[in-house]
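I opened this model to look up its sheets and the helices packed around them. My notes are kept in the order in which I looked.

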Amino acid sequence: MNTRVENYDYDLQSVQETRSLARLGKQAQTELAKLNCEQIDRIIRNMVKAAEENAVSLAKMAVEETGFGKVEDKIFKNRFASSELYEFIKPMKTIGIIKEDKINKMMEIAEPVGLLMGIIPSTNPTSTAIYKSIIAIKSRNGIVFSPHPSAVKCTLQAARLMNEAAVAAGAPANSIGCIAKPSMEATNELMKCDEIAMIIATGGAAMVKAAYSAGKPALGVGPGNVPAYIERSANIPKAVSNIIASKTFDNGTICASEQSVIVEECIREQVMEEFRRQGGYFMTPAETEQVAQKLFVRGHAMNAKMVGRSAEIIANSAGITVPPGTKVLLGEQQGVGEGYPLSYEKLTTVLAFYTVQDWHQACELCIKLLNNGGVGHSLSIHTETPELAIKFSEKPVFRILVNTPSSQGGVGASTGLSPAFTLGCGTWGGSATSDNVTPLHLINIKRIAYGIKDFTETTTASSPRCLAPIGSSAAISDDQIMSAVNEVISLLSQKR
């Protein structure tokens, strides 16, 4: 009975905290909207400085609290989400007149969206909070975070540091808030609060779907399930190196990380030998089954204890022996979907391995894998044949990453894509955008448009021919209508 009362009290406190954060955040956002470019830039620079100074401590907190990933890679992500992001967004126009078309006499003026809700995943808890804080402030929006319960301490600390740095540089108090007592009730309450104007959701498929169902504009990203195709012309050592570098980066916790490797029969043995040379271990069918049983619970949901773990930890947990220094585990699969567990997304250091005859079969397999939980997200291809990369642009994804680690390529660290930790999957993946989300996705644009075509004379001149007198029973023939339309078109053409 006492436990029930305590849970009830916690839920009530959680919801009340959420309502207070939303009210305070809305007040802050109203003041943020009054700031100019120089003021906003000064605030963001201070936030970046704070993120840099605390990149190590936040990374350690995240690993200690969640058990996911590697400290050194989370340090990189914290810095990438601040310094690298800042350099990219610094020249972006998000305040005042952002575009002027003197020929058509139009001006575009940026306005903030309002107070944002940011849903933060446990896999990238501090870097995502830093990233969303900075893009929110750049576009003069306040933000309130809903952290994952298993990462609440580190997310809360990241949000506090960002808010303190912003306020110290001139932002209003409570510009960046975070729920300290997370619960489903609190998350649902925040989604539906009148003060929230838009939701930015990064997390599991269920959470992203809930965000889109909240009745608010939302930007969300779901699972990746990225296939990596090594085509026969590829530089095999480099391709394998890229895949391992990506899959071991923070132990595979980025949704853009490779989930399956597809190779052609003619280079199969070369690729397998290269994987072994660089730290890949090919499991037997029995070992693959043992690992799959450890990886998934309730069907194809990832076992949280296996997310972001090293290959050696996963192997030990499954009761199999691997060589010292093993970096990734690979299991051969003969199909996609039910009965082929490694064909699903695995946010850890395990890869499915497929063999095909040619690029046509590779195309078909990629589509099946993407439709198995990654449609719209990303696809990786390693090839020295540029026209083949173009052929793969027909696949149902919005990021075709060529000759690069998929994790780093998808977020814009090793490619020219926008630096981001929210990667839209477009309508194919149930997202409102197919872009890497930037501050430009968080502004409204109002337009001032001057008249450039005079309709007054045209309307006056043509009205007797176009309209029958009110109350008249006389019908207008089709010929008369067409004659009037042609006359209007002629007059407009002359005025141009």
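**Ground rules.** I am working on a predicted model, in which local features need pLDDT of at least 70, side-chain atom pairs count only at pLDDT 80 or more, and totals for chains, interfaces and linings use all residues. Residues are numbered from 1 along each chain as its sequence is written, and side-chain values use heavy atoms, with hydrogens and water left out.

I looked up the annotation: UniProt, in an unreviewed entry, places "domain: Aldehyde dehydrogenase" at residues 18–276. UniProt positions are in the numbering used here, feature names are shortened, and annotations may be inferred rather than shown by experiment. I noted 51% helix and 19% strand for residues 18–276, with the end C-alpha atoms 51 Å apart. Helices (H or I, at least four residues) and strands (E, at least two) are DSSP runs, numbered from the N terminus.

**Five-stranded sheet.** I traced an open sheet of 5 strands in the order E5-E4-E3-E6-E7, paired in parallel; two strands pair if DSSP finds at least two bridges between them. Strand E5 (176–178) and strand E7 (218–221) are at the edges with a single partner strand each, so one side of each has no neighbour in the sheet. The twist averages 15 degrees from one strand to the next. Strand E3 (residues 115–119) and strand E4 (residues 143–146) are joined in the parallel sense over 4 bridges. I found serine 146 in E4 as the bridge partner of isoleucine 119.

I see helix H5 (residues 125–138) lying across E3, E4, E5 and strand E6 (196–202), at about 160 degrees to E4. Axes are lines fitted to C-alpha atoms, for helices over the stretch in contact, and angles run from 0 to 180 degrees between N-to-C directions. Helix H6 (residues 152–168) also packs on the sheet, touching E4 and E5, and its direction makes about 160 degrees with that of E5. Contact means heavy atoms within 4.5 Å.

**H4 and H5.** I then checked helix H4 (residues 71–89), which packs on H5 at an angle of about 15 degrees with the axes 8 Å apart. H4 and H5 are therefore roughly parallel (angles under 35 degrees count as roughly parallel, over 145 as roughly antiparallel, 65 to 115 as roughly perpendicular and the rest as oblique). Residues in this contact include Ala81 and Leu85 of H4 and Ile130 and Ile134 of H5.

**H2 and H5.** The axes of helix H2 (residues 37–53) and H5 come within 9 Å and cross at roughly 170 degrees. H2 and H5 are therefore roughly antiparallel. Among the contact residues I listed Ile44, Met47 and Val48 of H2, and Ile130, Ile134 and Ile137 of H5.

**Seven-stranded sheet.** I traced a second open sheet of 7 strands, with parallel pairing and the order E10-E13-E14-E9-E8-E15-E16. Its edge strands, E10 (280–282) and E16 (397–402), pair on one side only. The twist averages 25 degrees from one strand to the next. Strand E9 (residues 258–264) runs parallel to strand E14 (residues 350–356), joined by 5 bridges. Valine 263 stands opposite threonine 355 in E14.

**H9 and H10.** Last, I looked at helix H9 (residues 236–247) and helix H10 (residues 268–278), which pack at about 50 degrees with axes 9 Å apart. H9 and H10 are therefore oblique to each other. The contact includes Val240 and Ile244 of H9 with Val271 and Phe275 of H10.
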